[in-house]
Amino acid sequence: MGTALSQGKVLASQRRATMKIDQRLFQDLCDDVAADMVFGKLDLSRSSLGGARFQKFLQALRMNSSITCLSLAWNDLWDSEANELAEFLRHNTTLRVLDMSHNQISSSGVRSIADALSYSNSTLMELFLGDNSIGDEGARALLDMLHKKDSFLRLELRFNNISSNIVKEIEAELLSMKDRGPRKEAELLQGRVRALEAEIEGLTTRKVVTAAQRTRPRRSKRTQRRGSQSGGSVYS
C-alpha cells in the first residue's frame with residue numbers, strides 16, 4: 001500500500017501533488033472492481049475520488065467480494081463521503097483494512113463510521129484516520145464502538161484534535177481487546193468441546209440401548225404356540 005498505510009507518519013506539510021485518474025481509466029477501474037477482477041489490496045490514495053466519483057466507486061465496490069485492504073488516503077474526502085462510506089460498511093463483509101487518513105473528515109463523519117462498525121460490521125479490523133479534522137466527540141464515538149466489539153486490531157488517529165486522555169482510553173481499550181480475544185476464542189473452543197462430548201455420550205448411550213435390544217431373548221414360534229394354547233405367558 002501507499003506511504004500513508006505502510007508508515008502512518010506522514011505529516012500534512014509533506015503532502016504530494018494529487019495524481020488524478022482520467023475518466024476513461026477511472027471507468028475501467030470501476031468495471032474491474034465490480035467484476036471482481038480486482039482483489040486483495042487496492043491503493044487509490046491521491047486519486048481525486050471526491051464527490052460523484054466517490055459515489056460511482058462505492059457502487060462498484062458493493063459488487064466486489066474480493067478486496068480486503070483499501071487505501072483512500074489523500075483524496076480530499078469530507079463528511080459527505082464518510083457518511084456514504086458508513087452506509088457501504090453496514091453491508092460489507094470482506095474489507096478488513098481501511099485507510100481514510102489525510103482527508104478532511106470531522107467528528108460528524110466519524111460518528112457515522114463508528115455507528116456502522118458498532119452494529120452492522122464485524123469484518124473490518126484496522127482503521128486509519130490520521131491527519132483529519134476529528135475532535136473529542138468523534139474520538140468518543142470511536143471509543144464507544146470499541147466497547148461494543150469483541151475484537152479490533154488497530155485504530156490510527158494521529159494528527160487530529162483529540163485530547164490526550166481520550167487517546168489513552170482508546171489505546172487501553174485496544175490493549176484489553178488483545179487479551180479478550182484469546183480468552184473468548186478459548187471459551188468458544190471449550191463450548192464446542194463440551195457440545196461434542198455431549199454428542200458422543202448421547203451416541204454411546206443409544207448404541208448400548210440398541211445392543212441390549214438385540215441381545216434380548218426371543219420366544220420361538222413353537223414356544224409362542226404353546227403359550228397361547230395354555231392361555232398364559234412363558235415369561236410370567
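How many salt bridges does the count come to? The count comes to 5 salt bridges, a salt bridge being a side-chain nitrogen of Lys or Arg within 4 Å of a carboxyl oxygen of Asp or Glu. The model is predicted, with local features requiring pLDDT of at least 70 and side-chain atom pairs counting only at pLDDT 80 or more, while totals for chains, interfaces and linings use all residues. Residues are numbered from 1 along each chain as its sequence is written, and side-chain values use heavy atoms, with hydrogens and water left out.

One of these salt bridges is formed by the side chains of Arg90 and Asp115, at 2.6 Å from N to O. Arg90 belongs to the loop between helix 4 and strand 3 and Asp115 to helix 5, so the pair ties together parts that lie 25 residues apart in sequence. Helices (H or I, at least four residues) and strands (E, at least two) are DSSP runs numbered from the N terminus. Arg90 is partly exposed, with a relative accessible area of 27%, and Asp115 is also partly exposed, at 30%. Here, buried means under 20% relative accessible area, exposed over 50%, and partly exposed in between (1.4 Å probe, protein chains only).

A salt bridge also joins the side chains of Arg111 and Glu137, with an N to O distance of 2.6 Å. This pair links distant parts of the chain, Arg111 being in helix 5 and Glu137 in helix 6 (residues 136-148), 26 residues apart. Arg111 is partly exposed, with a relative accessible area of 35%.

The side chains of Arg140 and Glu169 meet in a further salt bridge, at 3.1 Å from N to O. Since Arg140 lies in helix 6 and Glu169 in helix 7 (residues 164-215), the pair ties together parts that are 29 residues apart in sequence. Arg140 counts as partly exposed at 32% relative accessibility, as does Glu169 at 33%.

Helix 4 spans residues 79-89, and its buried residues are Glu81, Ala82, Leu85, Ala86, Phe88 and Leu89. Viewed down the axis of helix 4, these buried residues fall within an arc of 160°, so they line one face of the helix; the arc is that of the directions from the helix axis to the C-beta atoms. The buried residues of helix 4 pack against helix 3 (52-62), strand 3 (97-99) and helix 5 (107-119), where contact means heavy atoms within 4.5 Å.
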